[in-house]
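Biologist: I have a new model open and would like to learn how to read it feature by feature. Could you walk me through it?

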Amino acid sequence: MSRYSGTSDDQHADEIGREQEYVSMLYGRLDRLRDQAAQRLAGELRSDGGTQQARSQRDSTIAMYAEQVGSYGAVENGLCFGRLDVEEGAPRYIGRIGIFDDEGEYDPLLIDWRAPAARSFYLATAASPDGVRRRRHIRTRFRKVVGINDEVLDLDAARTTEHEGLTGEAALLAAVNARRTGRMSDIVQTIQAEQDRVIRAELPGVLVVQGGPGTGKTAVALHRAAYLLYTYRQQLSTRGVLVVGPNATFLRYISQVLPTLAETGVLLRTLGELFPGVKATRSEPATVAEIKGRPVMTELLAAAIRDRQQVPEDGMDVVVERDTLRLDRQTVLAARERARRSGRPHNLAQPLFDIEIIHALARQVAERIGADPLGGENLLEEADLAEIRRELRDETGVQEALAELWPVLTPQQLLSDLFGSADRLAAAGAGLTGDELTEAELALLRRDPEGGFSPADVPLLDESAELLGEDDRSAQALVERERQQLIEYAEGALEIALGSRSIDLEDEAEGEILSVTDLLGADELAERQETGDRLTTAQRAAADRKWAFGHIIVDEAQELSPMAWRLLMRRCPSRSMTVVGDVAQTGALGGAASWRQALGPYVADRWRIRELSVSYRTPAEIMEVAGRVLAEIDPSLEPPRAVRRTGVPPWDLRVEPGELADRLVELVLREAGTIDDGRLGVIVPEGLATELGRAITDAVPEAAIGEHPELESQVVVLTVPQAKGLEFDSVLVVEPERIVAESPRGRSDLYVALTRATQRLGVLHCDGPGITGR
Ligand SMILES: Nc1ncnc2c1ncn2[C@@H]1O[C@H](COP(=O)(O)OP(=O)(O)OP(=O)(O)O)[C@@H](O)[C@H]1O
């Protein structure tokens with residue numbers, strides 16, 4: 001399909017020289033743009049805000065310039081990476097951002113890779129050149145052009161191609177063979193056609209991107225976020241984009257990609273971070289997490305809430321001053337029915353319950369103190385009754401009774417109380433059938449109330465918040481009080497102003513009130529307003545449980561439980577989502593067996609799927625080994641096609657159990673020596689992680705181990721759940737059979753472990769036949 005143009009060394013050097021001139025000119029423009037933005041930012045920061053409205057505008061201007069300064073800095077490396085020579089018109093230079101000539105006709109000097117005019121850079125082929133004669137990849141280091149690769153698109157070349165379907169083959173192979181750094185890089189220079197179609201798919205609806213390991217799902221998902229923000233900026237800048245990843249280590253691994261694409265406003269979160277105010281770090285067995293992920297949990301939580309709406313068998317006494325009032329069972333039952341019938345969530349129905357109980361108690365008091373000694377009607381009037389009710393509300397005994405019968409609950413309280421008590425669990429689970437949740441499973445949920453929450457608790461907290469209803473009356477009351485204060489202030493000032501001027505209040509009052517409040521705006525109210533305004537969309541979204549995102553991207557989505565999907569769907573009422581994963585790599589017990597099963601409850605069959613078929617990470621030699629494991633998981637699944645061979649076959653080494661640690665250390669040292677400044681991943685069974693980690697750090701002190709290993713270290717020791725989504729130049733897999741035995745979905749975990757290497761794979765095992773065949 002393509003051919004590299006044959007040029008002499010001199011011609012090549014000339015070409016590089018010419019491109020250098022152009023690229024230098026672009027960097028000059030970039031510097032000017034950055035300086036301008038920095039100056040404007042400094043100017044805005046120096047100016048005082050003026051009116052409240054002006055301050056708010058100034059804040060968004062400051063945020064805009066600050067973002068511009070940041071993104072002009074972030075695109076420094078590889079600013080311009082491509083050039084298209086077309087049949088008609090001047091060559092088009094393609095880069096990370098768009099830059100225009102600010103003199104004359106305002107021509108594009110550099111076209112943003114996301115713009116329609118850049119698209120043929122990724123799609124044009126010899127068979128379908130789309131007006132393109134030549135595609136050039138420009139390689140730069142810092143600001144220096146260090147190489148160019150040309151493809152001339154003509155049909156003759158199409159017949160001689162080796163790697164069918166690849167665009168920018170030389171640049172692509174250079175990228176996939178490059179040493180890893182411990183941080184994911186962007187792929188903007190070498191996006192392939194099947195990936196481009198995913199990245200540029202339209203915004204609405206749920207798009208599933210299914211693909212085997214190393215097919216670029218994560219890379220594509222992040223580039224799609226950048227593309228959507230560019231193309232639908234208006235729509236998405238106010239609602240924001242959320243990217244959900246499997247764990248904190250993975251999010252750190254991908255965190256550089258969007259900034260280098262000049263996008264800083266995307267919120268990256270694990271599922272465990274999606275309930276503001278809760279840090280879900282508690283660990284728990286996979287079996288417990290699986291139970292918590294089942295849809296039946298909604299019923300369990302609803303029952304747990306109903307169980308908190310108490311009706312004492314024998315009624316209860318309420319001590320008020322020196323008197324004892326009686327709440328009989330019937331009265332409490334009637335109050336509960338009333339409150340439940342309102343259909344409001346628990347916390348919002350509480351005031352109704354409260355009113356019923358207070359009325360019943362007030363009637364008792366009235367009967368005692370207002371009874372007519374002559375046997376006539378009660379002597380108290382409605383105003384007296386109202387006073388009695390007011391006083392009752394302030395009584396500690398009444399408040400305690402109300403809190404016992406119908407407590408206002410936070411989601412955290414509800415869950416801690418439920419899981420902390422066998423009795424509460426039994427009461428909540430009483431109405432469920434054994435098919436939904438067995439007694440033994442229910443008992444597994446029991447835990448120490450101390451110790452915080454686990455990631456699998458987060459969807460349950462969210463569900464509880466929905467079922468309980470958030471009692472934002474106090475927040476609303478505060479806002480209302482502030483508003484009233486503002487009006488009173490303004491009215492007071494207006495009176496003074498009016499006293500000294502004779503104007504017609506009818507005509508002028510409204511405008512006058514505004515200007516007076518403006519004058520008073522430098523007080524604390526305005527300050528509070530200012531802090532609110534300065535938050536970015538991502539920050540506001542992170543702090544707000546009910547935030548509705550404009551688009552959600554879910555990576556490693558196969559791991560999500562049904563309860564996790566419920567949470568995400570709540571955060572995305574528009575159902576504009578990109579769901580990225582591989583059902584063959586599902587590790588979590590409660591994860592998806594199919595996309596239909598995961599998404600069906602929310603969008604029925606209104607979702608579309610795109611498949612990625614080429615693995616850019618895993619070389620053919622390693623893919624053959626991994627493919628055999630995949631066939632054991634499901635013979636109908638096809639492994640992705642590897643983009644290259646490395647000529648380095650994967651190997652097995654059988655060792656005696658007593659010498660595993662020593663031999664592993666030897667191999668770590670050997671492998672580290674073969675990959676220069678690349679990265680070595682050692683993937684171990686969970687049960688051996690501490691012991692082997694210690695043996696390795698004794699020999700290589702800078703090796704990274706533990707719960708959040710530093711991926712930039714040359715040697716990193718991890719378990720399979722930690723290694724998900726990551727990659728290393730060389731990988732050592734230790735005791736594969738133990739990895740299989742230990743994990744809930746054994747073979748899938750082994751498949752993940754075997755597909756983490758970009759170059760070299762070795763397997764160490766104590767028993768069994770080995771898995772690489774060498
Ligand atoms: N078009 C491309 N050009 C250059 N490199 C690419 C391209 N596509 C993918 N890669 C590289 O391939 C590697 C694997 O990509 P990525 O991690 O996105 O795959 P994945 O499908 O998410 O894998 P997994 O399912 O194993 O997590 C990354 O190093 C990525 O940069």
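Modeller: Gladly! Let's begin with polar contacts: a polar contact is a pair of N or O atoms within 3.5 Å. Keep in mind that this is a predicted model. Here a polar side-chain atom of threonine 190 lies 2.7 Å from a nitrogen atom of the ligand.

Biologist: Which side chain has an N or O atom 2.8 Å from a nitrogen atom of the ligand?

Modeller: That is glutamine 195. An oxygen atom of the ligand, in turn, has a polar side-chain atom of arginine 756 at 2.7 Å.

Biologist: And how many residues surround the ligand?

Modeller: There are 25, and the closest are Arg180, Thr190, Lys217, Glu727 and Arg756.

Biologist: What about glycine 216: which residues is it in contact with, leaving aside its neighbours within four places in sequence?

Modeller: Those are Gln195 and Leu612. Glycine 216 belongs to the loop between β7 and α7, and it counts as buried because its relative accessibility is 16%.

Biologist: Now helices. How do I read a buried side?

Modeller: An α-helix has 3.6 residues a turn, so residues three or four places apart point the same way. Take α5 (residues 169–177), where the buried residues are Glu169, Ala171, Leu172 and Val176. These cover an arc of only 165 degrees around the axis, which means that they lie on the same side of α5. They pack against β5 (132–141), β6 (144–152) and β21 (757–765).

Biologist: Last one: how should I think about nonpolar cores?

Modeller: In soluble globular proteins, nonpolar side chains tend to be buried together. The largest nonpolar core here has 76 residues, and those touching the most other members are Ile94, Trp113, Ile254, Ile683, Leu718, Val733 and Leu754. Helix α7 gives the most to this core, with 9 residues. Apart from it lies another core of 59 residues, including Leu415, Leu418, Leu425 and Met563.

Notes:
Residues are numbered from 1 along each chain as its sequence is written. This is a predicted model: local features need pLDDT of at least 70, side-chain atom pairs count only at pLDDT 80 or more; totals for chains, interfaces and linings use all residues. Side-chain values use heavy atoms; hydrogens and water are left out. Helices (H or I, at least four residues) and strands (E, at least two) are DSSP runs, numbered from the N terminus. Buried means under 20% relative accessible area, exposed over 50%, partly exposed in between (1.4 Å probe, protein chains only). Contact means heavy atoms within 4.5 Å. The arc is that of the directions from the helix axis to the C-beta atoms. A nonpolar core is a set of buried Ala, Val, Leu, Ile, Met, Phe, Trp, Tyr and Cys residues joined through side-chain atoms within 4.5 Å. A residue is near a molecule or strand if one of its heavy atoms lies within 4 Å of it. A polar contact is a pair of N or O atoms within 3.5 Å; within protein, one must be able to donate a hydrogen and the other to accept it, and residues adjacent in sequence count only if both atoms are side-chain atoms.
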